[in-house]
Amino acid sequence: MNSDLTFSNKMKSFQLANESSPLSLTPRFIFPQSKRPNLSEVQSLDSIPIIDLSYCHDNNPLSLEVVHKISKACEEFGFFQIVNHGVPEQVCQKMMKAITKLFELPSEERESLYSTDHTRSVRLVNYYLKVEGGENIQCWSECFSHPWYPIDDIVSLLPEKIGTQYREAFTEYAEEIGSLVRRLLGLISIGLGLEEDCLLKKLGEQPRQRAQANFYPPCPDPELTMGLTEHTDLNALTVLLQSEVSGLQVNKDGKWISVPFIPNALVINLADQIQDCKIDVGWRWHFGGVSCRKKTTIEV
């Protein structure tokens, strides 16, 4: 993916879609001391589990071992990375390239997508840290969010120069990720001692599916701000494609652990709606956050 991100990592400045001047680390981005990332304390030696899905198929005795690893990762971390997952590398690269092109557009061309209206399904957004009794602190990021379908409605809102590229890339990516999610839900169900299709049935025949791409511009001082605050995801399962510069961190037992970039891997996050399925999973939910870096970081 290096070739796709060369321009972004060399950019001298980035301008948010709703701003009239280049991004700079002004006080509105600087987090209170207690909420700063403390990068020197982030652990990197023991990260989240890495699970190889190539062993998980019919008539393979190692399949149960994979199920056990997934269950253990869900119980202990709520996060894990998967390799040999079946999503073609070129599909992931194509998706990353398409979303990179969107954020590389001049701010005036992205401005039409920006909105603070939560009812608008396709939009560029900024996130904030809510400060009690004070002004909210803006995160060092810009995020593009939209439903999975219908793709024509999404593309019609994009600048014409990237619409065709995005349509093709996202259509392929969504099909592959949709199949992967169904597979993962089945493996998680089996690990809970349930029927393979239990979680899928609990979520319904047409679960709400959304895509979100997070863009974190180069930051002059990553110790002072965050790309995204500490949070849990509101959906059931998050599948995350990282660029080579990763800022993702997971909070386990009060300690932050970095999640490194692994070529051709996907990060899986067990999210809130699994808990809402009213199944006694016995798992603790863990928080994630994204620290900033001095190079561009992108997540899809």
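Biologist: How many residues does α6 have, and what span is expected for α6 at 1.5 Å a residue?

Modeller: α6 has 32 residues, and the expected span is 46 Å. The rule is 1.5 Å times one less than the number of residues. From first C-alpha to last, α6 reaches 46 Å, close to that value. This is a predicted model, where local features need pLDDT of at least 70, side-chain atom pairs count only at pLDDT 80 or more, and totals for chains, interfaces and linings use all residues. Residues are numbered from 1 along each chain as its sequence is written, and side-chain values use heavy atoms, leaving out hydrogens and water.

Biologist: What makes a stretch a helix or a strand?

Modeller: DSSP runs: H or I over at least four residues for helices, E over at least two for strands, numbered from the N terminus.

Biologist: Where does α6 bend?

Modeller: At Y166, by about 30°. That is the angle between axes fitted to the seven residues ending there and the seven starting there.

Biologist: Why is α2 called roughly perpendicular to α6?

Modeller: The axes of α2 (residues 63-76) and α6 (residues 160-191) cross at roughly 85° and come within 9 Å. Axes are lines fitted to C-alpha atoms, for helices over the stretch in contact, with angles from 0 to 180 degrees between N-to-C directions. Angles of 65 to 115 degrees count as roughly perpendicular, under 35 as roughly parallel, over 145 as roughly antiparallel, the rest as oblique. So α2 is roughly perpendicular to α6.

Biologist: Which residues make that contact?

Modeller: V67, I70, S71 and C74 of α2, with L187, I188, I190 and G191 of α6. Contact means heavy atoms within 4.5 Å. By class, six are nonpolar, two polar and none charged. Ala, Val, Leu, Ile, Met, Phe, Trp, Tyr, Cys and Pro count as nonpolar, Asp, Glu, Lys and Arg as charged, the others, Gly among them, as polar.

Biologist: What makes α3 and α6 oblique to each other?

Modeller: The axes of α3 (residues 89-104) and α6 cross at roughly 140°. Therefore the pair is oblique.

Biologist: Which residues of α3 meet α6?

Modeller: Among them are V91, M95 and L102, while the α6 side includes I162, Y166 and Y173. The contact of α3 with α6 has 11 nonpolar, one polar and six charged residues.
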